[in-house]
Amino acid sequence: LDAASGVMAWLEERGRGVPVGTDPAHVVPVVPAACVFDLGRGGDFRARPDAAMGRAAVEAAAASEPGARVPEGGVGAGTGAVAGGLKGGVGTASTVLGSGITVAALVVANAAGSALDPETGVLYGELHQGRVEYPRERVHEAARRRLAEAAADNAPPPLNTTLAVVATDADLSKAQAQKLAGTAHDGIARAVRPVHLLHDGDTVFALATGTRPLDAHPLALNEVLAAGADLVTRAIVRAVRAAGSVEGPGGVWPSYGELYGTA
């Protein structure tokens, strides 16, 4: 959580935040934050992001071009992420609706539950998407043995958290944004089983830039809500597929690509 302090300091220096006085420089930046539990997975329990890393991250974001590709896999907050026995990480997905509204999701997949169907070797999220290629039997059996060996070497994960941000350029009220964050949790449930356990601190943030008006029809928000949940599912799939295997002093976590290939 200390990383948020670096972001707040960067914003305050630029006068960006909630005005609290007559002086334009008197602002309080509000930076909602959450953290994944990955302590010790690199071998050192005290290795964690600090304020300097938060500042470096916001500076990198500010310097990037609009629409720049977001790194995925075991990067950033996804460095120590795992999903069940698989290596997890960062994943993104986006779409443009028929109305012209853009909806996007960024996820850090770090779940106590599994992203992988143990009976078939297919990612749960891909079953939902309907694009399924079942692994060959011998590949699946080899993967199951590898996962069992890795699990025997690792300490049981004490806590986990899957984090997501769902963003849109639609003009949403606070209540509508809260609804978007709530329904986006369905996207986690489609991609991870079991989900929302006491081990998990799953959190979804929603944000709206407000540049595109929402249709006046009372149910116009539904299309955005449905897309948000679907994109969270897709982003989790991408996170798991983009991650690479990790083996070190903190444990052994095979990647989906190592076990089943990257097709």
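In which loop does Pro194 lie? Pro194 sits in the loop between helix 5 and strand 8. Helices here are DSSP runs of H or I with at least four residues, strands are runs of E with at least two, and both are numbered from the N terminus. A cis peptide bond joins Arg193 and Pro194, with omega at about -15°.

This is a predicted model, where local features need pLDDT of at least 70, side-chain atom pairs count only at pLDDT 80 or more, and totals for chains, interfaces and linings use all residues. Residues are numbered from 1 along each chain as its sequence is written, and side-chain values use heavy atoms, leaving out hydrogens and water.

His196 counts as partly exposed because its relative accessibility is 40%. Buried means under 20% relative accessible area, exposed means over 50%, and partly exposed falls in between (1.4 Å probe, protein chains only).

Now step back to helix 5. Helix 5 covers residues 174-191, 18 residues in total. From first C-alpha to last, helix 5 reaches 27 Å, close to the 26 Å expected at 1.5 Å a residue. That expected span is 1.5 Å times one less than the number of residues. Several residues of helix 5 are buried, among them Ala177, Leu180, His185 and Ile188. The buried residues of helix 5 pack against helix 3 (124-129), strand 7, strand 8 (203-212) and helix 6 (221-242).

Next, look at Asn154. Asn154 lies in the loop between helix 4 (137-153) and strand 7 (163-170). Asn154 counts as buried because its relative accessible area is 15%. Leaving aside neighbours within four places in sequence, Asn154 is in contact (heavy atoms within 4.5 Å) with Gly251, Val252 and Trp253.

Finally, take in the whole chain. The protein chain has seven helices and 10 strands. Buried residues make up 38% of its 263 residues. The C-alpha atoms fill a box of roughly 65 × 45 × 35 Å along the principal axes. A compact globule with 263 residues would have a radius of gyration near 18 Å, and the 19 Å of the protein chain agrees. This radius is taken over C-alpha atoms, and the globule rule is 2.2 Å times the number of residues to the power 0.38. Among contacts between residues at least 6 apart in sequence, 71% join residues at least 24 apart.
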